[in-house]
Amino acid sequence: QVQLVESGGGLVQPGGSLRLSCAASGIRFSFYTMAWYRQAPGKQRDLVARIDSVRNTNYADSVKGRFTISRDNAKNTVILQMNSLKPEDTAVYYCNIWNMDTWGQGTQVTVSS
């Protein structure tokens, strides 16, 4: 079956960096658009970044210039490199297969001094 497993979250100070990874299984990974979403307490789940099969990328305005999404098809992995983190980036981050209701368990990112 399809499975997504996120890792790499944690506590970081404002201005710091984190690298999130999502390992996918059960799909022909290279064919699919992959995405990262995030959900802060009491808020809806929002799209953060997306990368398609030919590595075109899209970002939410709030993270442009700070976050970079990439993929390693040999490892069935999608990466979210997050730099210049702000307290408002605090959320649970989820990996997603675009247009599929398939989600990982999420990884907590907390940006605080």
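## Basis of the model

This is a predicted model, in which local features need pLDDT of at least 70, side-chain atom pairs count only at pLDDT 80 or more, and totals for chains, interfaces and linings use all residues. Residues are numbered from 1 along each chain as its sequence is written, and side-chain values use heavy atoms, with hydrogens and water left out.

## Overall fold

The protein has 0 helices and 10 strands. Helices (H or I, at least four residues) and strands (E, at least two) are DSSP runs, numbered from the N terminus. In sequence order the pattern reads β-β-β-β-β-β-β-β-β-β.

The radius of gyration of the protein is 13 Å, which agrees with the value near 13 Å that a compact globule of 113 residues would have. The radius is taken over C-alpha atoms, and the globule rule is 2.2 Å times the number of residues to the power 0.38. Along the principal axes, the C-alpha atoms fill a box of roughly 40 × 25 × 20 Å. Of the 113 residues, 39% are buried. Buried means under 20% relative accessible area, exposed means over 50%, and partly exposed lies in between (1.4 Å probe, protein chains only). Among contacts (heavy atoms within 4.5 Å) between residues at least 6 apart in sequence, 53% join residues at least 24 apart.

## The disulfide

A search of the whole structure finds 1 disulfide; the term stands for a pair of cysteine sulfur atoms within 2.5 Å. The disulfide joins Cys22 to Cys95, with an S to S distance of 2.1 Å.

The whole structure contains 2 aromatic pairs. Rings of Phe, Tyr and Trp (its six-membered ring) pair if their centres lie within 6.5 Å; planes under 30 degrees apart count as stacked, over 60 as edge-to-face and the rest as tilted. Tyr37 and Trp103 form an edge-to-face pair, at 5.0 Å centre to centre and with 75 degrees between the planes. Tyr37 lies in strand β4 (residues 34-39) and Trp103 in the loop between β9 (91-97) and β10 (107-111), so this pair ties together parts that are 66 residues apart in sequence. Tyr37 is buried, with a relative accessible area of 15%, whereas Trp103 is partly exposed at 29%. Tyr94 and Trp103 also form an edge-to-face pair, at 6.4 Å centre to centre and with 90 degrees between the planes. Tyr94 counts as buried, because its relative accessibility is 13%.

Ring pairs link Tyr37, Tyr94 and Trp103 into a cluster. The charged end of Arg45 sits over the ring of Tyr94, 3.7 Å from its centre. Arg45 also lies over the face of Trp103, at 4.6 Å from the ring centre. A charge sits over a ring if NZ of Lys or CZ of Arg is within 6 Å of the ring centre and within 35 degrees of the ring normal.

## Arg71

Arg71 is found in strand β7 (residues 67-72). Arg71 counts as buried, because its relative accessibility is 7%. Leaving aside residues up to four places away in sequence, Arg71 touches Phe29, Ser30, Tyr32, Thr33, Met34, Ile51, Asp52, Ser53, Arg55, Thr77 and Val78.

The side chain of Arg71 reaches two backbone oxygens: that of Tyr32 at 2.8 Å and that of Asp52 at 3.0 Å. A polar contact is a pair of N or O atoms within 3.5 Å; within protein, one must be able to donate a hydrogen and the other to accept it, and residues adjacent in sequence count only if both atoms are side-chain atoms. The C-alpha atoms of Arg71 and Tyr32, 39 residues apart along the chain, are separated by 11 Å.

## Two buried loop residues

Arg66 is placed in the loop between β6 (57-59) and β7, and counts as buried at 11% relative accessibility. Beyond four places in sequence, Arg66 touches Gln81, Met82, Asn83, Ser84, Leu85, Lys86 and Asp89.

Gly106 lies in the loop between β9 and β10 and is buried, with a relative accessible area of 15%. Not counting residues up to four places away in sequence, Gly106 touches Glu6, Val92, Tyr93 and Tyr94.
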